[in-house]
Every structure is written in structure tokens, then in C-alpha cells.
Amino acid sequence: MSKPLSCSWSGVFPAATTQFDQGLQVDLPATQRVQQALLQDGVHGLVLMGTVGEGNSLSAEEKRAVLKGAVEVSAGKAPVIVGVSEFTTATAANFARDAESLGATGLMVLPAMVYVPTPAELEYHFRTVAAATGLPIMLYNNPPSYRVNIDMSTLKRLADVANIVAIKESAADSRRFTDLINEFGERFVLFAGLDDVAFEGLVLGAKGWVSGLTNAFPAESLWLYEALRKGDLDRARALYRWFMPLLHLDAGHDLVQSIKLAEQIMGRGSERVRPPRLPLSGERRAKVIAMIERARDTRP
């Protein structure tokens, strides 16, 4: 294995939302306010335009504008990692180059959208995007959502790519964290990517947590992370048990709508989403509101 780039990423990195106005155009000032509030709350970095950030619902120009705005807000005080989620390898590599020029700290690279690749095609995609930039890269493994699993053999072949430094692991099976560490040691910095396996991932060796519900409950997310970092398992378990009903929302098909509804209820943003997503309605909406309000009213 080649020596990877140094990677100091750790802590709670909210998967920040992209805010829309009433006409469902990107509201850059509102998006920057969301980012600024999270940084003021003490999060350790921002992840932009992944699943929760609705990256696949944004035009090329909008993506670049949102990134530019986040770099302005962070002012170099916290990492800004931007999702690279495109339909083709060429457009992904092009966005990676532009993201570097716009001041991104790092990239969170997904498999190409829609098409389900062979292992060789998956490796080619990641290698090509990595070669287009000098930025450190976090690979995003989310088999439930994207129908692609970055298997151990593919990761082993990619271990010689110096700027692939981290993995956001969103497989539902927490055994994957131990398998990755057993296979690669400290070659890749691991991040928990599903909110409802964050405790397990952090206990098993993940250095950080890319979180959806942190958008609505940043203080509590940070408390959980710090309790685990300090080895205070009693406090961490109590926090996790309180948080778990909401954390399950991050694993649902309507996670974006649920997280943005939580943001709205907590006075941190708007629930507006771009179609084909629609705001929650009916029984599902009532159930999620009740969960959010219960969590709000019983915060530890």
C-alpha cells in the first residue's frame, strides 16, 4: 500500500441541507445561515450536497454556487467536504477539479448514479475522479440507497491511491467497521454514515460521524460524540436511547423530508424539498412530527 495523504478529519460532520425558496430555487443566503449556525454550534466540519443535501437535485451551476457559499462561511475554520455524485465519470472528474479550485477541503465521492457498475468499473470511476484532484477523498459506501457495495477487494486495489483517505460507511451491518479495520488497519479513516449505527461505528473504531439529524439537534449529537470519545458509556447509551427514534429516520427512504421537517420544527431551516421529493403528508407527517416534538420536549 502507498502512503496516503494525511487525514485529520474526525468528529461530527453534519450532512448539511440545501435550502430552497418558495419557488424551489436554491436559497443561498438561507443555505449559508444553516451552515453558519451548525459551525457556531461547534460541529467539526460540513458535508455538502450528499443525499441529505439533495446534490442530485441541483444543477451544475447550483452545486458550484452552494460550495462557494460554504467555503465563504467556513472561512477555513472547519473542513468543507463536498459530495461528488454524477451520472458519468467525466462529469464527476470535472466537478472534482472545480471543487478544488473553489476551495473545498475534500470530496465525498459516490459511485456513478443510476448505473450499477462491475467492480472493475467502480474502481475505474474512483481512480479517475481521484486523479483529477489533489484533494483528499472520502468514499461513500451506501448499498441500501445506491445499490452498490464497495467490496473489500475493490478497496484493496484502491489502497494505492494516496488521496483516497477515508470511507463513509452507510451499510446497515455494523460488523463492516471491524472487517474494514481488520483488513486495512488505519489505511482509511472511517466515518459512521447511518445515524442509527453511529454509536456502534464510533465504538468500533470510526473517527467521525456524517450525520443527518445533527441538522436539527446539533448539541445532542456533539454530546453523544464527546461521551463516546471520553469513554462515558453510561451517558452515551442514555443519549443514544433518547435519540434513536429520530436516528432511525436517517435510514428511511424519506430521510431528506424527515430531516428537513425536523430542521423546520427546531427553527433551523425549511422543509421545502425539490421534486420528485415532496414534503411529508398525512399519517407519516403526523407520526414524524410527534417523534420530533417528543424528542424536543424530553431532551437530556
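## Aromatic pairs

Phe-191 is buried, at a relative accessible area of 0% (buried: under 20% relative accessible area, exposed: over 50%, partly exposed in between; 1.4 Å probe, protein chains only). Phe-13 is likewise buried, at 1%. The model is predicted, so local features need pLDDT of at least 70, side-chain atom pairs count only at pLDDT 80 or more, and totals for chains, interfaces and linings use all residues. Residues are numbered from 1 along each chain as its sequence is written, and side-chain values use heavy atoms, without hydrogens and water.

The structure holds six aromatic pairs (Phe, Tyr and Trp rings, the six-membered one for Trp, with centres within 6.5 Å; planes under 30 degrees apart are stacked, over 60 edge-to-face, the rest tilted). The ring centres of Phe-13 and Phe-191 lie 5.3 Å apart with planes at 85°, so this pair is edge-to-face. It joins strand β1 (residues 11-14) to strand β7 (residues 189-192), 178 residues apart in the chain (strands: DSSP E runs of at least two residues; helices: H or I runs of at least four; numbered from the N terminus).

The rings of Trp-242 and Phe-243 are tilted, with centres 4.8 Å apart and planes at 35°.

## Helix α3

In α3, Thr-89, Ala-92, Ala-93, Phe-95, Ala-96 and Ala-99 are buried. They cover an arc of only 160° around the axis, which puts them on the same side of α3 (arc: directions from the helix axis to the C-beta atoms). On the other side, Ala-90 and Ser-101 are exposed. Just after α3, Gly-103 has a positive phi of about 105°.
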